[in-house]
Each structure stands twice: as structure tokens, then as C-alpha cells.
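The entries run from the overall layout to a pair of packed elements.

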Amino acid sequence: MRILPLITLTIAITIPVGLAAQEQGDAKSAREVLKAACERDARLTYRTGVRTLPEVREQMMAARKTYVRDCLAKASAAAS
């Protein structure tokens with residue numbers, strides 16, 4: 001009978017400690033989060049397939065970089 005309260009107490013102590021460790025591990029800056037969102041949007045907008053010609057692929061990659069740079073510039077201007 002004493003084991004059930006002991007297990008409950010152990011779980012109650014362990015869960016908040018695990019959550020605190022997860023929150024500390026995900027400490028990303030706002031710029032990193034914004035850049036990841038811009039890169040995701042660029043990948044969705046400028047998709048390349050397996051059969052894409054190398055010249056076209058290079059153009060798409062350049063367009064992605066430009067899109068991310070512009071996205072970050074707009075976000076920093078909006079934040080200021």
C-alpha cells in the first residue's frame with residue numbers, strides 16, 4: 001500500500017524537472033526562429049525536383065537566398 005503514494009510522489013517531482021530541462025534546451029533566439037520560418041517559406045515557394053536541370057536548380061537556390069534575405073530585412077524593419 002505504501003508503494004502507490006511513493007510512485008505518485010516520484011512522478012509528481014520528475015515531470016516538472018523534465019519540462020524545465022526541455023524549456024532550457026530550446027532556448028533559440030528570435031532571429032533564429034524567424035530565419036527558420038523564412039527558410040521554410042522559401043523552400044515551399046521555390047521547390048526543386050529530382051529532374052530539375054542544374055542551371056534551373058542554381059537559379060532557384062539563388063532565389064531562395066534572396067527571399068530569405070528580404071524576409072529577414074522586412075522582419076527587422078517591422079520590429080524597429
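The entries below follow the order in which I looked things up.

Entry 1, overall layout. I noted before anything else that this is a predicted model. I then looked up the secondary structure and found three helices and zero strands, which read along the sequence as the pattern α-α-α. I also looked up burial, and of the 80 residues of the protein 8% count as buried.

I turned to H3, residues 54-79, which has 26 residues and reaches 37 Å from its first C-alpha to its last, close to the 38 Å expected at 1.5 Å a residue.

I looked up how H2, residues 30-45, lies against H3, and found that the two pack at an angle of about 140°, with their axes 9 Å apart. The crossing in which H2 passes H3 is right-handed.

On the H2 side I listed Arg31, Leu34, Lys35, Cys38, Glu39, Asp41, Ala42 and Arg43, and on the H3 side Arg64, Tyr67, Val68, Cys71, Leu72 and Ala75. When I sorted the residues of this contact by kind, they divided into eight nonpolar, no polar and six charged.

Which residues of H3 are buried? I found Arg64, Val68, Cys71 and Leu72, and I noted that the buried residues of H3 pack against H2.

Note on methods
Residues are numbered from 1 along each chain as its sequence is written. This is a predicted model: local features need pLDDT of at least 70, side-chain atom pairs count only at pLDDT 80 or more; totals for chains, interfaces and linings use all residues. Side-chain values use heavy atoms; hydrogens and water are left out. Axes are lines fitted to C-alpha atoms, for helices over the stretch in contact, and angles run from 0 to 180 degrees between N-to-C directions. Helices (H or I, at least four residues) and strands (E, at least two) are DSSP runs, numbered from the N terminus. A crossing is left-handed if the near helix is turned anticlockwise from the far one by less than a right angle, and right-handed if clockwise. Contact means heavy atoms within 4.5 Å. Ala, Val, Leu, Ile, Met, Phe, Trp, Tyr, Cys and Pro count as nonpolar, Asp, Glu, Lys and Arg as charged, and the others, Gly among them, as polar. The expected span of a helix is 1.5 Å times one less than its number of residues. Buried means under 20% relative accessible area, exposed over 50%, partly exposed in between (1.4 Å probe, protein chains only).
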